[in-house]
Protein chains: 2
Amino acid sequence: MPKQTFFNLPEEKRKRLIAGAMKEFSSRSLNDASISNIVKNSNISRGSFYQYFEDKNDLYFYLIGKFHYNYRRLMFKSFEEEEGDFFKGYKKFGEKYILYIMESPKFGFFENMYLHMNYQINQQARVGFEKTSVKGKKLPNGKRIVDIVKKDGLKLKTDKDVVDLLRYILGLLNDTIMEGFWKELSVEETQKLFVKRLEWITFGIAEPTYKKEEKV
Amino acid sequence: MPKQTFFNLPEEKRKRLIAGAMKEFSSRSLNDASISNIVKNSNISRGSFYQYFEDKNDLYFYLIGKFHYNYRRLMFKSFEEEEGDFFKGYKKFGEKYILYIMESPKFGFFENMYLHMNYQINQQARVGFEKTSVKGKKLPNGKRIVDIVKKDGLKLKTDKDVVDLLRYILGLLNDTIMEGFWKELSVEETQKLFVKRLEWITFGIAEPTYKKEEKV
DNA sequence: TTGCTTTATGACAAGGTGTCACATATAATA
DNA sequence: TATTATATGTGACACCTTGTCATAAAGCAA
């Protein structure tokens, strides 16, 4: 987390720093990005940087968290607006989300960085996702999601593991986007890939006659 | 890929270099690992290193590929040995694989590095996986896997996308291991998590009465 | 004004990377 | 064998990063 000093900063300076950081992270991977460039971009002395952040990662995670908040808001909005049951809602949401991420003109390459995050970072972001709260505007956690989707009829085999399941499906969505990005698929192709996989999860891949073996 | 020069090297020197590199990658992340340490570890001049490899990543991917070959061999062996259908075979294989990776005393921390690879590297490794061939010993590709598992009866809803599906399930397995590692789960817990997710994929998560909507 | 606390700054040591001119070994040919 | 061509080995070097620290400046309270 950024140090208090960073939050005490006048808004202009804080925004300048964020802009400078995003410029750097937009064209370079987390590893290739350098603090030297960021402070040069934002006209801030090197020493000051270390007064605001622990290191490069600290700043990076902070930015990731900011964007994650937006994604998450999009998700809740989708569920609220969509008609039909959970599966249809999630399908719609997924398609929207993919479009949003892959065509976002505002964040540009920064999204790519997001998609290229290594698993460690990804996990860290997902943990952050669990307890996201930006300036007091808290978003519901996993259990609250369940409540929301249940109002449209969540037709699951079991209620157990439902939070884990939702987390898994969100991972599925993110991973599909990553895969689409990596394979240079178009938005439509990526959406199709996601829908296909969501159907795998929803209906299973085994042929209907195939039965789960009784536990011994 | 390492340069030809590397493969022309006398075995002793090549092994020395690999050992030195593994020592470094075992205790440091890819980013933190340094060529300086590797050449120090293996008593090789800095200049020589660049005669063998493009850079640090080049060496790293080469090592990853070597280990991946072993994993893959384990997979085929499992399918050949296991009784029952594809799903049971895959379940067994997954459990074995998890045990193998999480308890491997030989590679130790190097496995951790493998698990922490970022997605980009992961993808690169998976692409390599598609066409793995070590010293002429080729392993079957996705289609061949299908043939192998089919002999035990592959009870899928469709034959279409079967290669994609297999790739996806392998990803599921790897991701579960990563998640287990990250959440500091035991081998047993990780195996359970994997089995649960494999069942999601196999049988679906929707309750049986839930029907796929007719296409409009 | 005088302290006291917080913020700003850039020089600096430590350490990493990739290159290059040059040394040496190995193979090929006259 | 002597000579030439090709392949390897080497470490000093220029250039770049990082995180720190002594020092300066600014803000604030009494």
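Asn43(B), which follows H3(B), has a positive phi, near 55°. The model is predicted, and the mean pLDDT of chain A is 75.

**Helix H3 of chain B**
- H3(B) spans residues 35–42, and its buried residues are Ile38(B), Val39(B) and Ser42(B).
- These residues lie on the same side of H3(B) because they cover an arc of only 90° around the axis.
- An α-helix has 3.6 residues a turn, so residues three or four places apart point the same way.
- The buried residues of H3(B) are covered by elements that include helix H2 (11–27) and helix H4 (46–52) of chain B.

**Surface near DNA strand C**
- There are 17 residues around DNA strand C, of which Ser45(A), Gly47(A), Ser34(B), Ile35(B) and Gly47(B) come nearest.
- At least two residues of this surface come from each of helix H1 (4–8) and helix H4 (46–52) of chain A, and from each of H3 and H4 of chain B.
- The most is given by H4(A), which supplies four residues.
- The surface comprises ten polar, four charged and three nonpolar residues.

**Confidence in chain A**
- In chain A, 67% of the residues reach a pLDDT of 70 or more.
- Over residues 116–137 of chain A, pLDDT stays under 50.
- For residues 116–137 of chain A, the model has 32 contacts beyond four places in sequence.

Definitions and conventions:
Residues numbered from 1 in each chain as written. Chains lettered and ligands numbered in written order. Predicted model: local features only at pLDDT ≥ 70, side-chain atom pairs only at ≥ 80, totals over all residues. Buried ≥ 20, exposed ≤ 12 C-beta atoms within 10 Å, placed from the backbone. Arc of directions from axis to C-beta. Contact = placed C-beta atoms within 7 Å. Near = placed C-beta within 6 Å. Nonpolar A, V, L, I, M, F, W, Y, C, P; charged D, E, K, R; others polar. pLDDT = per-residue confidence, 0-100.
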